[in-house]
Amino acid sequence: MAKRTHTTDLGSIACQDLGELGAGKEGWLIDNPNLLCALDTHAIALANRSLIVTLGWSDSDDSKVKIRPELSPIEAEYISAIEWLVFDEIRVIAIGTSCGYLLLFSLDGHLIHKQFIHPGRVLKLRVRGTKRDLIQETSSEEVCVVMQGVIARFDGSEIQNMLQQWHHDTNSRFWDRKPRNQDNDEFGNSYGRLSYQLWNVSKYGSCADAAISGIMPPPLMELQSSQRYFCAVTVGDDAVISAFRLSEDKSRSLVGAILSKVVPVTFSTISSFSKMIWRSEQKAPRKSNVKPQPFARASPLTSLKDFPRKGEKLTLSPSGTLAAITDSLGRILLLDTQALVVVRLWKGYRDASCLFMEMLVNKDNNVASSSSYYDEPVKSDYCLCLAIHAPRKGIIEIWQMRTGPRLRTIRCAKGSKILQPTYRFGSSIASSPYVPLEVFLLNGDSGQISVLNRTLL
């Protein structure tokens, strides 16, 4: 009987260019906390503090690019987050820095856009979206910048419009030798500044990770509001789990809106009266530097504090209704982000990593092996699962959501890491055949990359 395999090899990323990132040493992929990875469907980007290397793993793909961003040596700036942005034929690399900047690079290494977000280190770049279908009433695509106690949200359509304009201008310059004159901003960008929303979510302490799980209903007193509200989940040292209602409106509340009108007038009156008494000299106004964008309203919803447990990493399901959270005590909590209730708990998984995936769990359904186009699996044939990588045990476990059994245990080599391709921006029209959510396995010592099989046969 042939040995059953649970992974399919795709190729290898082993090359000399990875030597600058530490490749060749045992455990280089997982032991270096400054080494960052981001995966696309056919390429991977790896970065340390000052260098980015992008490469494919197929035999026919020889494209390898090195990118060295211009970082501030005075402030000891370094790369702290990396992610792909994929819009149909447009693919770019997004990085966040320790000084609060967002940079977009083309695949040939040219800087497309640079923008300051907020003072502080960028912890993570999250790219996600929900398409409108029978379950989701609205569609939302976004890029979130997660910082310590701060979340910034960019609308995916605005980034797409900017990149399409850049792509069009790049192709036009290829045919037209006379470049067009364009107005550049303070960073040299030709396409202006991207608008974004900014929230302070540090009420329960600085967060180690955070995510916007989706759109949520407004509070009872603001049912008639035209503003959208988002639900944010954070994890950190002081609070294992915290949840906030994020408003697009920068005003604090109805009372805050009244006070924002009354207090300035009162203060102005008192100030004028004191000047009249003390005959203080009026100084000329000073020119102030560009200030960070003001925060929008973030209302706390709930918080779970369980000292000495600390929240470490957070992973969202595709719809955003579930979140897998790892903590410092080797536990994994499955959070219902709509009810804000922990619905499942695993113990004994120190240093674990979690990713959601979709699998064909019906053994009687052989649609995956059928050659007929109409027999290809559809979205309803797949079941949502959670892949848990336990590096200390050297295994990957796949559990059916929400309360299903463990479906599979996969042995993996030491020095491996599980990865997932970034969300691909696009239209709400469902593609055929349906492409399920997959999990990839990268063996750092051998450079071999494989995908977890999505069938139980």
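I am working with a predicted model, where local features need pLDDT of at least 70, side-chain atom pairs count only at pLDDT 80 or more, and totals for chains, interfaces and linings use all residues. Residues are numbered from 1 along each chain as its sequence is written, and side-chain values use heavy atoms, with hydrogens and water left out.

**Entry 1: Arg309**

Is Arg309 buried or exposed? I found Arg309 buried, with a relative accessible area of 8%. Arg309 sits in the loop between β17 (298-304) and β18 (311-316); strands here are DSSP runs of E, at least two residues, and helices are runs of H or I, at least four, numbered from the N terminus. I then asked which side chain makes a polar contact with the side chain of Arg309. That partner is Asp327, at 3.2 Å. A polar contact is a pair of N or O atoms within 3.5 Å; within protein, one must be able to donate a hydrogen and the other to accept it, and residues adjacent in sequence count only if both atoms are side-chain atoms. Setting aside neighbours within four places in sequence, I listed the contacts of Arg309 (heavy atoms within 4.5 Å): Asp237, Val240, Asp327, Ser328, Leu329, Arg331 and Leu333.

**Entry 2: the whole chain**

I stepped back and counted three helices and 29 strands in the chain. Of its 457 residues, 46% count as buried. Among contacts between residues at least 6 apart in sequence, 59% join residues at least 24 apart. The chain exposes about 25100 Å², and carbon and sulfur atoms supply 51% of that area; accessible areas come from the Shrake-Rupley method with a 1.4 Å probe, and for residues only the protein chains shown count as cover.

**Entry 3: the largest nonpolar core**

A nonpolar core is a set of buried Ala, Val, Leu, Ile, Met, Phe, Trp, Tyr and Cys residues joined through side-chain atoms within 4.5 Å. Which members of the largest one touch the most other members? Of its 29 residues, I noted Leu85, Ile117, Phe154, Ile159 and Leu163. At least two residues each come from β6 (79-87), β7 (90-97), β8 (101-105), β10 (122-130), β11 (140-147), β12 (150-155) and α2. Helix α2 gives the most to this core, with four residues.

I looked up Phe154 next: leaving aside neighbours within four places in sequence, its contacts include Leu102, Ile117, Val143, Val145, Ile159 and Leu194. In helix α2 (residues 156-175) I also picked out Gln160. Gln160 is buried at 18% relative accessible area, and beyond its neighbours within four places in sequence, Gln160 is in contact with Phe87 and Asp88.

**Entry 4: two open sheets**

Two strands pair if DSSP finds at least two bridges between them. Six bridges join β11 to β12, and Glu142 stands opposite Asp155 in β12.

The other open sheet I checked runs β22-β23-β24-β25, four strands in antiparallel pairing. Its edges are β22 (353-359) and β25 (406-411), and its twist averages 25 degrees from one strand to the next. Five bridges join β24 (residues 395-400) to β25, with Ile395 partnered by Arg411.

**Entry 5: strand β29**

Strand β29 (residues 448-452) is mostly covered, as four of its five residues are buried. It pairs antiparallel with β1 (residues 7-12) over five bridges, where Thr8 has Val451 as its bridge partner. β28 and β29 form a hairpin with four residues between them, and Gly447 in the turn has a positive phi of about 80 degrees.

Terms used: Buried means under 20% relative accessible area, exposed over 50%, partly exposed in between (1.4 Å probe, protein chains only). Axes are lines fitted to C-alpha atoms, for helices over the stretch in contact, and angles run from 0 to 180 degrees between N-to-C directions.
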